[in-house]
Amino acid sequence: MSLAPVNDSVTVHRLIDDPYPVYAQMRTHTPVVQVPSVKRTMLTKAEDCRMVKDNPALFSSNDPTTPMEKAFEAHTLMRKDGEEHLRERNAMMPTFSPRNLKTIWGPMYERYAAEYLDRLPRGEVVDLFPTLAGPLAARILAECMGIPDASDEQMQFWSQALIDGAGNFGWFDEPFERVARANKEMNRVIEANAERVKAAPDQSALSVMLNAEDPIPWSQIVANIKIAIGGGINEPRDALLTIIYGLLSNPGQLEEIRASGNWSAAFEEGVRWVAPIQASSRLVLEDTEIRGCDIPKGTVVMTIQASANHDEDVYENGHLYDALRKSQPHQSFGSGPHHCMGTHMARMTVGRLLLPILFERFPNMRLENPEDVVWRGFGFRGPINMPVRLN
Amino acid sequence: MPRITFIAADGAETVVDAGEGDSLMQVARAHNVDGILAECGGEMMCSTCHVYVEGDWLDRTGPADEDERDMLDFAPCEITDASRLSCQVKITDDMDGLVVRLPERQV
Ligand code: HEM
Ligand code: FES
C-alpha cells in the first residue's frame with residue numbers, strides 16, 4: 001500500500017473563496033489526499049468523515065500542535081478525549097436540557113427576535129448580517145452562558161478573535177494580540193458574573209457549572225464559556241443567512257415550506273448545503289489505512305464535512321439548495337463524542353422559531369441581486385453580507 | 001446471535017444478526033439500517049436514534065428511564081411508551097426475535 005496522493009496545487013486562498021469545486025474533484029479522483037498548503041490529509045467522502053469522528057480511540061481530538069491552546073489560554077474540551085472530555089462537557093449540559101430550551105431559552109429568544117426585528121426598516125435594502133443574524137446569535141448566547149451584560153458587539157468581537165486566534169496556523173502576531181485583548185475582557189466579565197450567579201443561581205452555563213456539587217476547575221469553566229463564544233455565534237448566524245439565501249433564490253420552495261410549516265426542513269437543508277463548520281481535524285494515534293491509503297501515526301486528518309454533505313454517494317444534486325429534498329443525514333453538527341452541544345439550541349432558535357417569524361413579518365422579502373452576496377471561508381463558511389429588501 | 005427486525009416508517013423490513021453486548025443502535029449502523037442517524041455515537045446526547053419497541057418486547061428491553069425520556073423530548077416524532085433511544089438498549093441473548101419500528105424522521 002502507499003501513502004495518500006499529494007495535491008500541491010490547492011491553495012488556502014482557493015479554499016477560502018470557492019472550495020466546493022475543489023472538493024468535488026477530490027471526491028472523484030483523490031478522496032483521501034495530502035494537502036501541503038494546509039498541512040493536513042483531507043477526507044472528502046461522507047463515509048470516511050463519519051468513521052473518523054465516531055472512532056476517537058484512533059482519531060484523537062487532542063492535537064497539541066494547533067494554535068488553539070494559545071488562543072483560548074486553555075486546553076479546552078474540544079481538544080480532549082475520553083473521560084476528561086466527557087466530564088467537562090457534561091458540566092455544561094444541564095443548561096441545554098430540553099426543559100430549559102422549552103421554558104427559558106426558547107421564550108427568551110422569541111422576545112429578542114421580535115425586538116431585533118422591530119428595529120429593521122421596511123421597504124429598504126438592509127444587510128441582515130450586521131443588523132439581525134450576528135447580534136441575535138450573540139444575544140441569546142450571552143444570556144444562556146450567564147454573561148448577559150456582555151454587549152452584542154463584545155460577544156461578536158470576542159468570538160471572531162477566538163476563531164482567528166485558534167485558526168492562526170501562520171502564528172502571526174496580530175491575531176494573538178487581538179485574542180489576548182479579548183481574553184482579558186472575557187475573563188473580567190466572566191468573573192464578575194460568577195459572583196452574581198453564586199448569589200442567585202439560574203440555569204445559565206456559568207451558574208450550572210459553578211454551583212454543581214462537584215464542579216470542574218475554574219480554568220475549565222472559563223474555557224467552556226469561551227468555547228461556546230467561539231463556536232456558538234458564527235454558526236447560527238451563517239446558517240440563518242444561508243437559509244435566507246436558499247429560500248429567497250428558490251421562491252417555489254419557499255411557498256411550499258410556508259404552506260407546510262416545515263421550517264425545520266429549510267434549516268436542515270441550509271446547514272447541509274453550506275456547513276457553517278466546514279472541516280475538523282483529528283490526530284491519528286496509530287498507523288492505519290483509509291480507502292486503501294496508508295495513514296501513518298502522527299498524521300493530522302481533516303474531515304471535510306462540507307464535502308461529505310455533497311457526497312454523490314448520499315445526495316443527488318448536493319450542490320443545490322433544496323428544502324424539499326427527502327431528508328438526508330448530514331454531518332454539519334459533527335458526530336461522535338464531540339457532536340455539537342448547541343445542536344438542539346440551533347435547531348430550535350433558528351429553525352423552529354426565527355424562520356417562521358421572519359418570513360411572516362416580511363412576507364415579500366426580496367433578494368434583488370443574488371450575485372452581490374459574497375461567500376467566504378475555509379474552516380468556517382457563510383455569506384458575509386445579505387442585502388435584502390424588507391417588505 | 002439474536003436476530004433483530006427493523007421496520008422502516010414505509011414498512012420496509014431489515015432483518016439482521018446482532019452481536020451480543022452491542023447496543024441496538026450499533027447493530028443498526030453496522031448493517032446500514034437507514035433511519036437511525038445516531039449523530040452522537042451513543043452518548044445519549046443527540047436523540048437521533050429513536051425507535052419504537054414492538055409489542056411485548058418492551059418487557060425485555062425495559063422502558064426508557066427518566067434521563068432517556070428527557071433526551072427523547074428532542075426527537076421530532078411522537079414519543080410513546082414504546083419509545084427508546086436505541087443506543088441505550090443493550091442486546092442480550094433473550095432478545096432473539098426483537099422487532100423495532102423506526103420513526104419517520106430523526107431530526
Ligand atoms: C448551526 C449552528 C451550529 C453548527 C453548524 C455547529 C457545528 C458544530 C460542529 C461541527 C462541532 C464539532 C466540532 C468537531 O467535531 O471538532 C461543534 C461543536 C460544538 N458546538 Fe456547535 N454548531 C452550531 C451551533 C452551536 C451553538 C449555538 C452552540 C452553543 C450554544 C454550540 C456549541 C458547541 C460546543 C460547546 C461544541 C464542542 C463540543 C465538544 O467538543 O464536545 N454550537 N459544533
Ligand atoms: S446515538 Fe445519540 S442519543 Fe443515541
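This briefing covers the two chains of a predicted model, from overall build down to single residues. Chain A carries 16 helices and 12 strands. Chain B carries 3 helices and 5 strands. Each chain is as compact as a globular protein of its length, because its radius of gyration is close to the value from the globule rule.

**Chain A: overall build**

- The secondary structure of chain A amounts to 16 helices and 12 strands. Its radius of gyration is 21 Å, and the globule rule gives 21 Å for 391 residues, so chain A is as compact as a globular protein of that length.
- Along the principal axes, the C-alpha atoms of chain A occupy a box of roughly 60 × 55 × 40 Å.
- Of the 391 residues in chain A, 57% are buried.
- Take the contacts in chain A between residues at least 6 apart in sequence: 70% of them link residues at least 24 apart.
- Chain A holds 40 positive and 51 negative side chains. The centres of these two sets are 2 Å apart.

**Chain A: a three-stranded sheet**

- One open sheet in chain A has 3 strands in the order β1-β8-β7, and its pairing is mixed.
- The edges of this sheet are β1 (2-3) and β7 (288-290) of chain A, each of which pairs on one side only.
- Strand β8 (residues 293-295) of chain A runs antiparallel to β7(A), with 3 bridges between them.
- Within that pairing, A:Thr288 faces A:Ile295 of β8(A).
- In general, strands of a sheet pair through backbone hydrogen bonds, in either a parallel or an antiparallel sense.

- A:Ala46 belongs to helix α3 (residues 46-53) of chain A.
- Why does A:Ala46 count as buried? Its relative accessible area is 9%, and the cut-off for buried is under 20%.
- Setting aside neighbours within four places in sequence, A:Ala46 contacts A:Ala308, A:Asp311, A:Val314 and A:Gln331.
- A:Glu312 lies 266 residues from A:Ala46 in sequence, yet the C-alpha atoms of the two are 9.2 Å apart.

**Chain B: overall build**

- The 3 helices and 5 strands of chain B follow the pattern β-β-α-β-α-α-β-β along the sequence.
- The radius of gyration of chain B is 12 Å, close to the 13 Å from the globule rule for 107 residues, so chain B is as compact as a globular protein of that length.
- The box filled by the C-alpha atoms of chain B is roughly 30 × 25 × 25 Å along the principal axes.
- Buried residues make up 49% of the 107 in chain B.
- For contacts in chain B between residues at least 6 apart in sequence, 67% connect residues at least 24 apart.
- Chain B has an accessible surface of about 5100 Å², with 39% belonging to carbon and sulfur atoms.
- Chain B has 8 positive and 23 negative side chains. Even so, the centres of the two sets lie 2 Å apart.

- Strand β3 (residues 50-53) of chain B is covered on both faces. B:His50 and B:Tyr52 are buried on one side, and B:Val51 and B:Val53 are buried on the other.
- Strand β4 (residues 83-85) of chain B pairs with β3(B) in the antiparallel sense, over 3 bridges. B:Ser83 in β4(B) is the bridge partner of B:Tyr52.
- Strand β5 (residues 99-101) of chain B also pairs antiparallel with β3(B), over 2 bridges. Here B:Val53 sits opposite B:Val100 of β5(B).

- B:Thr92 lies in the loop between β4 and β5 of chain B.
- Why is B:Thr92 classed as partly exposed? Its relative accessibility is 34%, and that class runs between the 20% and 50% cut-offs.
- Not counting residues up to four places away in sequence, B:Thr92 touches B:Pro2 and B:Glu20.
- B:Glu20 is 72 residues from B:Thr92 in sequence, and their C-alpha atoms are 5.6 Å apart.

Terms used:
Residues are numbered from 1 along each chain as its sequence is written. Chains are lettered from A and ligands numbered from 1 in the order in which they are written. This is a predicted model: local features need pLDDT of at least 70, side-chain atom pairs count only at pLDDT 80 or more; totals for chains, interfaces and linings use all residues. Side-chain values use heavy atoms; hydrogens and water are left out. Helices (H or I, at least four residues) and strands (E, at least two) are DSSP runs, numbered from the N terminus. The radius of gyration is taken over C-alpha atoms; the globule rule is 2.2 Å times the number of residues to the power 0.38. Buried means under 20% relative accessible area, exposed over 50%, partly exposed in between (1.4 Å probe, protein chains only). Contact means heavy atoms within 4.5 Å. Accessible areas come from the Shrake-Rupley method with a 1.4 Å probe; for residues, only the protein chains shown count as cover. Lys and Arg count as positive and Asp and Glu as negative; His and the chain ends are not counted. The place of a charge is taken as NZ of Lys, CZ of Arg, CG of Asp or CD of Glu. Two strands pair if DSSP finds at least two bridges between them.
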